[in-house]
Amino acid sequence: MERGRFIVFEGGDGAGKDTQVEMLKQAVSGAQYLFVRDPGSTDVGEYLRNIVLHDKHTSRTAEVLMYLVARAQLAEEKIKPALEAGINVVSNRFDLTTIAYQVYGRERKDQLMFMKQLSEFARGGMVPDVVVFLDCPPDVGLLRALKANDADKFPEEELEFHERVRTGYLAHVGEYKEHHIIDAARTPEEVHADVLKVLGIKAE
């Protein structure tokens with residue numbers, strides 16, 4: 001049986017990942033696709049997601065470890081079995097988020113290689129086949145997030161935090177064999193058209 005394709009959407013707050021994942025879901029309706037989110041999509045992941053996104057007292061070390069635990073559970077419970085069954089998996093965020101947010105955003109670049117090793121261990125060595133990075137200027141993304149009343153703690157970080165996050169994404173997205181950087185400051189329809197194009201999916 002042919003292995004499924006592992007597709008990951010990445011991007012900062014307000015870049016439109018949720019919107020684009022939902023639009024892709026509609027575009028491939030009826031096809032063999034599993035949609036997941038990181039952290040989340042498992043009992044363990046959803047429990048930890050609620051903590052890391054909402055508890056402002058969580059330490060930076062505890063924060064990154066909870067992300068990794070959630071990812072390990074997601075990879076083992078959902079992603080790996082689906083791919084082996086020939087199902088394509090689309091994940092809203094994955095390990096590049098850890099580099100961008102917990103290393104660059106949290107100003108822990110001295111721990112970059114250590115974090116990469118931990119993340120590789122957590123994801124069981126699985127690597128996305130395609131990474132779609134929705135690139136949006138942080139000031140634009142934060143304005144969107146505030147208008148959408150996003151309920152997690154990260155949009156409340158200072159602009160400089162989100163600028164560091166974007167720097168982290170741009171510095172490391174090229175490490176994936178197939179990656180696409182899409183201008184996400186445009187309308188959702190324009191971005192969606194580019195997403196379908198880079199993924200080789202025909203619009204209905």
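1. On a 1 Å grid over the protein atoms alone, a cavity is a set of points where a 1.4 Å probe fits but cannot get out, while a pocket is an open set with protein on both sides within 12 Å along at least five of seven lines; lining residues have an atom within 4 Å of a point. Points are joined across faces, edges and corners, and a volume is the space filled by probe spheres set on them.

2. The model is predicted: local features need pLDDT of at least 70 and side-chain atom pairs count only at pLDDT 80 or more, whereas totals for chains, interfaces and linings use all residues. Numbering starts from 1 along each chain as its sequence is written, and side-chain values use heavy atoms, with hydrogens and water left out.

3. The protein has 8 helices and 5 strands, where helices (H or I, at least four residues) and strands (E, at least two) are DSSP runs numbered from the N terminus. Their order from the N terminus is β-α-β-α-α-β-α-α-β-α-α-β-α. The radius of gyration, taken over C-alpha atoms, is 16 Å, close to the 17 Å given for 204 residues by the globule rule (2.2 Å times the number of residues to the power 0.38), so the protein is as compact as a globular protein of that length.

4. The search of the whole structure finds 1 cavity of 30 Å³ or more. The largest cavity has a volume of about 110 Å³. Of its 16 lining residues, G12, D13, C136, P138 and H162 are the closest to the centre. Two or more lining residues come from each of β4 (130–135), α6 (138–147) and α7 (159–172), and α7 gives the most, 4 residues.

5. The largest pocket has a volume of about 640 Å³. Of the 29 residues lining the largest pocket, K17, D18, R49, N92 and R93 are the closest to its centre. The largest share of this lining, 6 residues, comes from α1. By class, the lining of the largest pocket has 11 nonpolar, 6 polar and 12 charged residues (Ala, Val, Leu, Ile, Met, Phe, Trp, Tyr, Cys and Pro count as nonpolar, Asp, Glu, Lys and Arg as charged, and the others, Gly among them, as polar).

6. The second largest pocket has a volume of about 240 Å³. Its lining includes D95, K116, E120 and R123, and α4 and α5 each supply at least two of the lining residues. By class, this lining has 4 nonpolar, 2 polar and 6 charged residues.
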